[in-house]
Amino acid sequence: MPEGLTAIAAFSLLIWLYLALFHGRYWRADQRLPQNPPELDQWPAVAAIIPARDEADVIGETVRSLLNQDYPGKFNVVVVDDRSTDGTAEVAQRAADEMAAPDRFAMIEGASLPQGWSGKLWALDQGVTWASQNLSGVEYFLLTDADIAHDRLALRRLTSKAVLERHDLVSLMVLLHCKNGIERFLIPAFVYFFQQLYPFPEANQRGRKVAAAAGGCMLVRRPALERVGGIQSIRSALIDDCTLAAAIKATGTIWIGLAEDSRSIRPYDGIGEIWDMVARTAYTQLRYSPLYLVGTVFGLIVTYLGPVVTIVLGLMFGAGQAIAFGVIAWAIMIMTYAPTLKLYRLPFIYGLVLPFVALLYTAMTIDSAKRHWEGRGGAWKGRTYTNIEGF
């Protein structure tokens, strides 16, 4: 038993040494936009497109935050009401009226969802099409969700980054809602796992295959979007943000970072909502492959629970070397989690529970596969998507 425990602990430690030293510096969480964006000689025209389906509780603040942008160039906001039943359109229009910006705001009533499209992408496509036909000189589209409160300088930061560094896509993972107890345990871990899956420094590096974006906030250069075939080219993608990033990076450049001020205003009322958010796309991420599922579950257990299990069993069986390896692996795990915890202004001690949080996310991943096999995969806003693309 001691020899077996030592082998498992050593394997977990090797994994964490690799992740900390050789996995794209993902854990540093240091890809950020400058707080004071550089000035441009000429600020390009931008159109924000907001797909909205039953978002009456959040869309007002989103619209106000966009119409309140400190942006020197031409900027319009287009909301596509995707068959909402809760008064989303009225709330959005009222918010625009409050900002006294009738010439910078448009409300579009979405058409019925065609076969083969995801709802969000169909709404985005309608918004992009309308803006292209009705707004002159649009050079960039800001594709954003209906629950994002954008910092007043957000568009300046995004646009200056895109123009000065000639990126075709600039994306921010905004601060997710993280105020109640369950959010504090699960949300920073979600952000950490996303960075681990898609190391931002590698995604931002030319010539690397890694490509990622965060769908809540993506500034896309219009010619680049047209070059890849528009939104239609990814119309059935469930993980639409990373799919679009991969398509654009194949012939251009992208950048993704972490926001410090722009934030999601949608709270998660209990573990069930976070569970559904993850289970909706986790198996899609694994390309609906049972083999990938088994490998992922095994990898998560060995990587995150391995150090804890070997410490506990090592104490029971007197395996000192296993204990030492497990403690070092756990310490590295906590160290790599610390920058993300700092971003969310949470104390270092939250890192101690990361192995158990990882166990929950493992269960969510298994449930995602189960939902797919039962024909309930990708359920969102009253729609269920089965056999839909992940990439």
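The model is predicted, with local features needing pLDDT of at least 70 and side-chain atom pairs pLDDT 80 or more, while totals for chains, interfaces and linings use all residues. Residues are numbered from 1 along each chain as its sequence is written, and side-chain values use heavy atoms, without hydrogens and water.

Helix α6 covers residues 181–197, helices being DSSP runs of H or I with at least four residues, numbered from the N terminus. Because the expected span is 1.5 Å times one less than the number of residues, the 17 residues of α6 should span 24 Å, which agrees with the 25 Å between its end C-alpha atoms. Buried residues in α6 include Leu 186, Val 191, Tyr 192 and Phe 193.

Rings of Phe, Tyr and Trp (its six-membered ring) pair if their centres lie within 6.5 Å, with planes under 30 degrees apart counted as stacked, over 60 as edge-to-face and the rest as tilted; the count comes to 14 aromatic pairs. Phe 193 and Tyr 304 form an edge-to-face pair, 5.5 Å centre to centre with 80° between the planes. This pair links distant parts of the chain, since Phe 193 lies in helix α6 and Tyr 304 in helix α12 (residues 290–317), 111 residues apart. Phe 193 and Tyr 304 are buried.

Notes
Helix = DSSP H or I, 4+ residues; strand = E, 2+ residues; numbered from the N terminus. Buried < 20%, exposed > 50% of the residue type's maximum accessible area, 1.4 Å probe, protein only.
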